[in-house]
Amino acid sequence: MIEEYFRSFNIFKEEEIKDFVQLFEVRKLVKNDFFANEGEKCNEVAFIKSGIFRSYYTTSEGNDMTYCFRFPNDMLASYSSFITGNPSLETLQAISSAELLVIGKDTIDKLTTNNYNWTIFLKIIAEQNYIELEKRIFQLQKETAIQRYTALVENQPAFIQQIPLQYLASYLNITQRHLSRIRKEITF
């Protein structure tokens, strides 16, 4: 899976992919384990082989606000902490058992020093993260909760039933009661 992920960028030679895939370590997490914690530095990035993650932050009132989900074949990191070295503003939590392939920032920094393709790859990842964030902002400002829910169901139909309702409601910025009404209205 990870090899296909890197091939999809059409940057790396096959030999490069085989070499750096060996640098990732396997890490297994159980449901509710954390990959990164708010207030701590994130010095590694992971490729999700299996499992679902949510990214959330804690409001000043002490409530968790889920703003992002990550699924198999996605990369996972507290990205701003990873690139700046500052404490994370978010927590990344497994909402199912998960298997990750993890690589440290030091290793990635060495790769970028020795191989320009890694610099290109990281530029593309940064661009994708920016576009994803912009899309999420527009989604929250322009779309209704029904539209946001429908988009999530269409993009991740195999995983939507595995996400607890309170996390879905938080992601959609609605109450669980409102989410229940939406789910009754929509049939796929």
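A residue counts as partly exposed when its relative accessible area falls between the buried cut-off, under 20%, and the exposed one, over 50%. Keep that in mind for Arg27: its relative accessibility is 22%, so it counts as partly exposed. Bear in mind too that this is a predicted model.

Let's follow the charged side chains. Side chains of opposite charge can pair when their charged atoms come close. The structure holds nine salt bridges, and one of them joins Arg27 to Glu44, with 2.6 Å between the closest N and O atoms. Arg27 sits in strand E1 (residues 25-29) and Glu44 in strand E3 (residues 44-50), so this pair ties together parts that are 17 residues apart in sequence. Glu44 is also partly exposed, at a relative accessible area of 22%.

Since Glu99 belongs to strand E8 (residues 98-104) and Lys49 to strand E3, the parts tied together here are 50 residues apart in sequence. Lys49 has 32% relative accessibility, so call it partly exposed.

Next up is Asp64, which forms a salt bridge with Arg54, the closest N and O atoms being 3.3 Å apart. Asp64 is in strand E5 (residues 64-70) and Arg54 in strand E4 (residues 53-58), ten residues apart, so the pair links distant parts of the chain.

Notes: Residues numbered from 1 in each chain as written. Predicted model: local features only at pLDDT ≥ 70, side-chain atom pairs only at ≥ 80, totals over all residues. Heavy atoms only, no water. Salt bridge = Lys/Arg side-chain N within 4 Å of Asp/Glu carboxyl O. Helix = DSSP H or I, 4+ residues; strand = E, 2+ residues; numbered from the N terminus. Buried < 20%, exposed > 50% of the residue type's maximum accessible area, 1.4 Å probe, protein only.
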